[in-house]
Every structure is written in C-alpha cells, then in structure tokens.
Amino acid sequence: MQFHHHGYVSGDPRIQPAAGVGVDRAQELPDEVDVLIIGTGPAGMITAAQLSQFPGITTRIVERRPGRLAIGQADGIQARSVETFQAFGFAQRITEEAYRISEMAFWKPDPADPSRIVRTARPEDDPTGISEFPHLIVNQARVLDYFAEFMKNSPTRMEPDYGYEFAGLAVDDDHEYPVAVTLVHTAGRHEGEQRTVRAKYVVGADGARSRVRQAIGCTLAGDQANHAWGVMDTLAVTDFPDIRRKCAIQSGAGGSILLIPREGGHLFRMYVDLGEVDPATKGAARSTTIEQIIAKANEILSPYTLDVRNVPWHSVYEVGHRLTDRFDDVLPEDVGTRTPRVFITGDACHTHSAKAGQGMNVSMQDGFNLGWKLGHVLEGRSPEAMLATYSAERQVVAKDLIEFDRQWSTLMAKKPEDFADPSELEDFYVSTAEFPAGFRTQYAPSLLVAAPTHQDLAAGFPIGKRFKSAPVVRVCDGIPMHLGHHATADGRWRIYVFADPAEPGAASKVADFAAWIGNAPDSPLAATPEGADRDAWFDVKVIYQQDHTRVDIGGVPPEFKPATGPFGLTDYEKVYAADPSADIFALRGIDRTGAVVVVRPDQYVAHVLPLADTAGLAGFFAPLLSRSERPAGRAFA
C-alpha cells in the first residue's frame with residue numbers, strides 16, 4: 001500500500017481523501033445521479049465499490065431493506081473471488097475469519113452394509129495450485145460489509161441508501177438523465193410514498209425476481225429439475241468424523257447431503273436431499289419443516305447421528321436453471337444502433353442451484369466487469385460503445401455456468417446404484433476444478449480483447465483469461481511479492497513490460513519502449529488528462545530478467561519511475577526483477593526477447609505484443625480512448 005504522496009498520513013491509510021462528489025456528498029438521495037444501482041447484493045455492491053473510486057461520478061445504491069443484511073444465503077468464496085478481494089484491499093482480512101477448504105471428502109454406502117456410509121475419497125481442493133489464493137467459506141453478509149467499508153473509505157464516501165424499493169422505470173433518450181426510476185419508500189416517515197430519481201445509467205442487481213429485468217422486457221428461460229433440497233445453517237453435536245470438512249455424502253437409503261463447514265469453528269451448512277418433486281403439486285416441497293429436514297439428514301448420515309442444538313437459518317428450494325436472453329435494455333434488433341442505459345447483473349440474469357458455490361462468485365464478476373466500464377464512459381475516458389461488451393461477455397459466462405451447475409446438481413441428486421462408475425462424482429469434481437474456482441472464463445476477441453496473434457510471447461497469460469499472478473522481487477527494496485497483488489481496483493489499465501535480456505541502463509528494446517510510451521503522441525499515456533499524475537489512467541510496470549541485485553534503479557528509464565502527487569515524488573514500486581527461486585519468465589512462458597502484457601481494470605488479459613510493436617499497442621487503445629474531450633483528471637490516492 002502506498003500513501004504519504006499527498007502529505008503525511010497519520011490515520012488509517014485505507015481511508016482515502018474525500019474528493020469530487022465525496023467532498024460535499026448529500027446524505028439524502030438526490031433527484032439526479034449518474035448511476036443508480038438497485039439492490040445491495042454481491043453484484044450491486046461490487047459495482048458500487050468499483051464506481052466509488054471515480055470521484056467525479058455520482059453513484060447511489062438503493063436497497064428495499066431498512067439496513068444491512070444480517071444473514072446471507074450464499075457462503076462459498078472461490079479463489080477467483082479472493083483474487084478480486086485482493087484488489088479491493090480485504091483478501092487477507094476475510095481469509096483470516098473465513099473457513100478455508102483444503103480438501104473434500106466423499107462418502108458412499110458401505111458395500112458390506114449399504115445402510116451405513118463410509119468415506120471413499122478425500123481429494124485436495126486445489127491439487128494443481130491453480131491459484132495462490134484459497135477457497136473460502138464465509139457468510140455473504142460479511143462480504144457485503146467489506147465492500148461497504150471500501151465504499152465508505154473511498155473518495156466518494158459512498159454508502160447504501162436503505163429503505164427504497166424499485167417500482168418501475170422509463171427511458172427518454174432526449175433527457176440528460178435518460179432513465180426515470182420510480183422508487184417507493186419502505187421505511188421511515190415517508191413509508192409508502194413514491195419518488196422519482198433520474199439517472200444516466202441504471203444497474204439492476206435486485207435478485208432472481210428482478211423487477212428491473214421485468215421493466216426492460218428481458219426473458220428468463222430455463223427449466224426446473226423437479227428436485228427439492230433443504231438447506232440449514234446448524235450448530236449441532238455429532239459423531240460424524242468429517243463434520244469440519246467439506247463433504248459430498250450419498251446414502252444407501254436414498255438421498256444425499258452436501259456438507260459445508262462454516263467460519264467460526266462450530267457452524268456448518270447442510271444441503272439435504274428431499275427427493276423428487278411432483279410437478280402436479282408444484283411448490284409443496286417448500287412447506288417441509290426444519291424438523292423434517294433434520295430427520296432426513298439423520299437418515300442419510302446413518303450410522304452417525306446429528307443432534308441439532310440451533311438453526312440460525314434454513315430454507316427449502318427446488319433446483320432450477322434459468323438464463324436471461326440479454327443483460328441490458330438493448331433489443332436484439334437494435335444491437336449496434338444504440339448503447340445500453342439499463343443493465344442487469346447477478347441473480348437477475350442467471351439462477352441455478354447453490355451447491356456448486358457459484359452464485360455469489362459469478363455475480364461479483366458481473367459487477368466487476370460492468371463497474372469500471374461505466375466509470376470510464378462517464379468520466380469521458382472511453383466511448384459509450386464499450387458498454388455493449390458487458391452483455392456480450394457475461395452472457396457467455398452465465399451460459400457456461402448454467403450448464404456446469406446442471407451437471408453437478410444432477411450428479412449430486414443421483415442414487416449411488418445409478419452411477420456407471422463408483423468414482424464418477426469425485427472424478428467430475430477434480431476434473432472440473434478450474435471452472436468452480438472461477439478460472440475458466442475466457443473472453444472472446446472484441447473491442448476490449450485482442451486476437452492472440454502474439455500469444456506465444458507470453459503463453460502463461462492467455463488473452464481473454466484472468467491475469468494469473470506470479471512471484472517477483474521489487475527492485476527498490478528487495479521484497480519478494482506477487483506481481484498481480486499490487487494491482488488495486490482503481491479503474492486503471494495495467495501494462496506489464498517484460499524486459500529483454502540487456503542490462504538495465506544499456507541500449508535495449510525495453511528502453512526504446514519506455515521512450516515511446518512516455519513521449520509519443522500515439523502512446524496511450526498521451527490521453528491522460530492535463531494536471532493528472534502520469535499514471536492516473538495507466539499503471540505501467542517493468543519486470544527485468546536479472547536478479548534484483550543486478551538492476552541499478554538509477555539506470556531504469558524514468559518512465560517506469562513516474563512522479564506522483566502534488567510534491568512530484570518518485571514512485572519506485574513499478575520496477576521488478578525475476579525471482580530466482582520462481583522465475584516469472586519461466587513460470588508464465590514469457591519469451592526472453594521480451595513482451596508487453598496488457599491487463600484490463602478487471603484483471604483480464606487484453607493483449608500480448610512484442611516490445612517493438614508500439615504501433616500495435618497504440619492501435620489497440622485508439623478506439624478505447626476519448627482523447628478529444630478529456631475531463632480534468634486526478635491522481636489516484
């Protein structure tokens with residue numbers, strides 16, 4: 001974390017100086033806003049958190065509840081989400097309080113006595129080391145709390161506006177704030193009264209029964225699996241030996257349990273198989289009592305017993321898989337002729353079972369994808385055409401999610417005797433680990449993702465996939481660290497410059513690249529607003545092949561040591577060297593002649609180029625930068 005560059009900071013450095021709309025932020029919900037977000041679930045909160053880093057943009061997030069969520073339904077945090085939390089500054093803190101999944105146990109009927117269950121396998125959760133971040137379990141409410149803290153500490157001092165329910169909207173493109181949103185007060189002295197808020201853009205993050213989705217005419221299509229599950233968060237005494245280990249349990253008596261230990265050392269969640277649902281009595285399974293769920297759990301766990309002492313939360317649901325036809329308000333016949341004004345995210349777009357732990361995780365990536373794009377467009381950095389990429393990118397991801405969850409939930413509901421191979425369930429779990437961990441997403445070539453013409457120069461950074469961090473050593477102080485962990489959710493593009501073998505300070509390709517990016521009129525840095533720090537829009541870092549002791553910081557081109565803040569202080573934290581014990585060039589297949597890796601603000605690789613292809617880099621950014629009407633900039637704190 002960097003601070004003091006605007007003067008001495010004696011308090012909590014996570015609290016950024018108030019700026020822009022944060023300086024005089026009105027507590028009352030204003031009549032006109034740039035972005036209005038409906039719903040404070042994971043998708044809405046991460047969108048708001050990202051936009052809170054744009055001081056000149058008025059963003060408000062409304063919620064029909066009178067206050068914060070106390071008990072959330074979601075709890076699985078995949079490694080990709082923890083990577084994302086790192087960018088928002090709370091990965092370490094949430095990891096400390098969460099339950100960490102290291103392995104998963106599979107229990108099946110004992111062949112000698114099918115009335116009893118026995119452990120048959122216990123594979124590692126991440127045997128291939130797909131991420132340096134763990135797989136966690138923590139209540140959704142705590143995730144929202146951390147995003148709320150980030151927002152409140154941001155330059156905009158953003159906080160949710162509770163007690164407002166969405167009632168409808170209308171779009172008038174002739175108005176400066178085209179979307180008129182009708183809200184109803186759900187609490188306080190104005191309860192029941194309506195008011196209208198106008199916005200330039202609206203984000204519907206209002207859940208599976210989304211009224212925003214209905215308002216823009218999106219269709220949610222899919223099917224029901226006609227299978228019911230009871231889910232309960234439980235404090236209990238039991239002789240089941242794996243109660244503090246994630247388990248998939250299949251019984252000979254019929255029925256399955258997915259056991260998820262929870263944070264705190266005592267709480268655990270059970271998804272209990274309640275069996276097939278008769279379509280003729282649709283919804284009847286939802287009347288299943290908690291006593292019936294507990295009895296079914298005991299039946300499945302035989303010969304072990306479960307003495308339930310407390311149930312903080314429980315529910316019954318039927319598995320359904322549904323996907324909306326689009327993620328914004330642009331009708332198919334209007335694609336390419338107008339840009340979106342209203343977006344939907346998270347459960348408003350895709351619904352599925354909870355057993356793969358994907359809902360909250362995929363929803364947050366929806367919001368992360370959309371938030372920075374709205375910020376760039378509203379600040380004037382980028383053209384509105386960028387907003388069309390949200391629906392195009394995230395709908396494909398949601399479709400893959402629905403298909404994966406359909407397979408997983410079908411296997412979980414399958415009777416042991418119906419498996420062709422006894423190890424089919426655990427084999428599926430291991431072979432598909434990359435998907436539930438959140439790392440199979442790969443965006444197709446588009447305005448924001450280049451074609452893989454030079455992919456061979458950095459094979460370990462696939463274009464369109466998330467930037468997989470690797471160890472490096474910071475040259476200025478010799479501290480080993482992960483390269484990607486220094487990238488915060490500040491809305492900036494990252495340009496990682498992997499140097500050629502020449503000694504730092506000597507004539508080289510990387511020196512030529514530095515001179516170009518710092519001075520050429522077609523360099524993306526040339527779009528940076530006058531008066532802003534040189535790295536306000538682009539974070540350019542260099543990684544040398546030599547050991548850090550051989551890199552003379554004085555010989556490093558000044559473009560990799562930019563001046564920052566009102567005092568023009570030198571930023572030394574953009575110069576790195578390969579770690580001899582884990583060489584990033586070897587780990588990520590980076591060509592020794594050097595390469596440039598471009599990473600989007602949401603951590604996805606956008607381009608890979610040779611060091612000498614400055615024209616290619618300029619050409620990639622040209623349609624993404626609005627150079628003609630640039631607003632006054634600011635330096636990121």
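The dialogue below explains how to read several helices and sheets in a predicted model.

Reader: What conventions apply to the numbering and the values?

Author: Residues are numbered from 1 along each chain as its sequence is written. In this predicted model, local features need pLDDT of at least 70 and side-chain atom pairs count only at pLDDT 80 or more, whereas totals for chains, interfaces and linings use all residues; side-chain values use heavy atoms, with hydrogens and water left out.

Reader: How is a sheet read, and what is the strand order in the open sheet of 7 strands?

Author: Strands of a sheet pair through backbone hydrogen bonds, either parallel or antiparallel. Here helices (H or I, at least four residues) and strands (E, at least two) are DSSP runs, numbered from the N terminus, and two strands pair if DSSP finds at least two bridges between them. The order is 20-19-25-22-21-26-27, with mixed pairing. Strand 20 and strand 27 (605-609) are the edge strands, each pairing on one side only. From one strand to the next, the twist averages 30°; axes are lines fitted to C-alpha atoms, for helices over the stretch in contact, and angles run from 0 to 180 degrees between N-to-C directions.

Reader: Which strands show the two senses of pairing?

Author: Strand 19 (residues 471-474) pairs with strand 20 (residues 479-482) in the antiparallel sense over 4 bridges, and V472 has M481 as its bridge partner. This hairpin has 4 residues between the strands, and G478 takes a positive phi near 70°. Strand 21 (residues 493-498) and strand 22 (residues 538-544) run parallel, joined by 6 bridges; I495 is partnered by V540.

Reader: What does helix 10 lie across?

Author: Helix 10 (residues 509-519) lies across strand 21, strand 22 and strand 26 (595-599), at about 155° to strand 21.

Terms used: Contact = heavy atoms within 4.5 Å.
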